[in-house]
Amino acid sequence: RHAMSPQQELADISTSGGSVVSPEDGELLQASSNKNEHPIDLSFRDISYSITTFNKKTKSHSTKHILTDVTGYAKAGSLVAIMGPTGSGKTSLLNVLAHRCAYGKTSKLTGSLL
């Protein structure tokens, strides 16, 4: 087997039925299949996330709204792009959907993940 660039190797994987032999050790590598065993649609409604901070100088609390009433849908097997300017809440939305956001006394999370 001749040396290939990563792009050529990916093309080889997709045209060879989803597998390629690694030239280093002869190991058979499987490409991921496009077919999900249990495809799911992702739907969320009215997601809001806010945090409360305490300013020691002014000795006051303030609430920062990170997400406000975000609603969306992603069909299984589709490619979805989350786009927006810096600070618009893209990563926060992904963290909420993945159940990786911090919540407790100083934060509030509302909405539905369907």
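These legends walk you through several close-up views of one predicted model.

Local features are described where pLDDT is at least 70 and side-chain atom pairs where it is 80 or more, while totals for chains, interfaces and linings use all residues. Residues are numbered from 1 along each chain as its sequence is written, and side-chain values use heavy atoms, with hydrogens and water left out.

**View 1. How confident is the predictor in the chain, on average?**
The mean pLDDT (the predictor's confidence in each residue, from 0 to 100) is 77. Of the residues in the chain, 68% reach 70 or more. Over residues 6-23 the pLDDT is below 50, and this stretch has 27 contacts (heavy atoms within 4.5 Å) beyond near neighbours in sequence. Where pLDDT is low, the predicted coordinates should not be read in detail.

**View 2. Here is the largest nonpolar core.**
A nonpolar core is a set of buried Ala, Val, Leu, Ile, Met, Phe, Trp, Tyr and Cys residues joined through side-chain atoms within 4.5 Å. Two elements, strand E3 (42-55) and helix H2 (90-97), each give two or more of them. Helices (H or I, at least four residues) and strands (E, at least two) are DSSP runs, numbered from the N terminus. Leaving aside neighbours within four places in sequence, Ile47 has contacts that include Leu67, Val96 and Leu109.

Ser50 counts as buried because its relative accessible area is 11%; buried means under 20%, exposed over 50% and partly exposed in between (1.4 Å probe, protein chains only). Not counting residues up to four places away in sequence, Ser50 touches Thr63, Lys64, His65, Ile66, Thr106, Ser107 and Lys108.

Ala74 is found in strand E4 and is buried, since its relative accessible area is 18%. Lys75 sits in the loop between strand E4 (60-74) and H2; with a relative accessible area of 52%, Lys75 is exposed. Ala74 touches Asp41, Leu42 and Val80, not counting residues up to four places away in sequence. Lys75 and Asp41 are 34 residues apart in sequence, yet 4.7 Å apart in space, C-alpha to C-alpha.
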